[in-house]
Amino acid sequence: MAGNETDDMRNRQAAVEAALRETRQDLFRFLVRRLRSQPDAADVQQDFYVKVLRSFPDLKDDDKLRPWMSKVLCSVIADHFRAQARQSQLEKDYVAEALTAAVSVEEEDVDLLVCVCLHKILPTLHDEYASLLWRTELMGETRDSVRTSLGLTENAFRVKAHRARKALRRRLEQSC
């Protein structure tokens with residue numbers, strides 16, 4: 001009985017191999033039309049052959065060989081399109097991540113440049129202006145505490161802050 005099963009297996013394998021040989025060119029043309037790419041068609045055809053040759057022992061009825069192969073082919077084509085969709089999504093995610101990283105690097109570079117530039121330019125301003133800008137803009141002190149410590153009225157503080165920013169802007173435009 002074991003010999004009979006082995007003969008059946010060999011006969012089934014021979015039938016599968018014959019079917020694959022007979023349909024090789026037609027299958028390739030079909031896949032090229034369906035996938036619009038010869039390299040993709042060759043990949044899918046190869047995957048199809050591997051799947052058929054690995055799975056043919058599960059086939060119990062030789063009369064259902066062609067319908068079974070058709071289902072396997074549909075499955076392989078669907079797998080191919082799913083893989084393409086995943087790849088496309090990964091590429092989109094990668095591009096989005098790369099753009100985000102590039103923007104954050106540029107922002108960090110600009111921040112560093114501005115910081116270095118400010119540290120060079122602030123000492124060239126009038127002492128009162130430099131101190132006012134340093135404390136309010138860079139150290140984060142409240143305007144009221146800076147105003148009080150300098151002994152200025154609200155209006156006088158606003159005028160000095162405006163003049164300090166204007167002087168800083170002129171220096172930045174000159175040097176940066």
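This report describes the helices, nonpolar cores and salt bridges of one predicted model.

Residues are numbered from 1 along each chain as its sequence is written. Because the model is predicted, local features need pLDDT of at least 70 and side-chain atom pairs count only at pLDDT 80 or more, while totals for chains, interfaces and linings use all residues; side-chain values use heavy atoms, without hydrogens and water.

## Nonpolar cores

A nonpolar core is a set of buried Ala, Val, Leu, Ile, Met, Phe, Trp, Tyr and Cys residues joined through side-chain atoms within 4.5 Å. Buried denotes under 20% relative accessible area, exposed over 50%, and partly exposed the range in between (1.4 Å probe, protein chains only). The largest core has 20 residues, and Phe-48 is one of those that touch the most other members. Helices α1 (2–35), α2 (38–55) and α3 (65–121) each supply at least two residues of this core, and α3 gives the most, with 7 residues. Helices here are DSSP runs (H or I, at least four residues), numbered from the N terminus. Apart from neighbours within four places in sequence, Phe-48 is in contact (heavy atoms within 4.5 Å) with Leu-20, Leu-27, Met-69, Val-72, Leu-73 and Val-76. A second, separate core of 16 residues includes Leu-132, Ala-161, Ala-164 and Ala-167.

## Helix α4

Helix α4 covers residues 127–138 and reaches 15 Å from its first C-alpha to its last, close to the 16 Å expected; the expected span is 1.5 Å times one less than the number of residues. Its buried residues are Tyr-129, Ala-130, Leu-132, Leu-133, Arg-135 and Thr-136, and they pack against α5 (143–150) and α6 (154–175). Leu-138, also in α4, is partly exposed, with a relative accessible area of 40%. Just after the helix, Gly-140 takes a positive phi of about 80°.

## Salt bridges

The whole structure holds 10 salt bridges, each a side-chain nitrogen of Lys or Arg within 4 Å of a carboxyl oxygen of Asp or Glu. Three of them are listed below.

| Pair | N to O distance |
|---|---|
| Glu-22 and Arg-66 | 2.9 Å |
| Arg-147 and Asp-144 | 3.8 Å |
| Arg-158 and Glu-154 | 3.3 Å |

Glu-22 in helix α1 and Arg-66 in helix α3 are 44 residues apart, and the pair links distant parts of the chain. Glu-22 is exposed, at 54% relative accessible area, whereas Arg-66 is partly exposed, at 44%. Arg-147 and Asp-144 are 3 residues apart in helix α5, so about one helical turn separates them. Arg-158 and Glu-154 both lie in helix α6, 4 residues apart. Salt bridges that share partners join Asp-144, Arg-147, Glu-154 and Arg-158 into one network.
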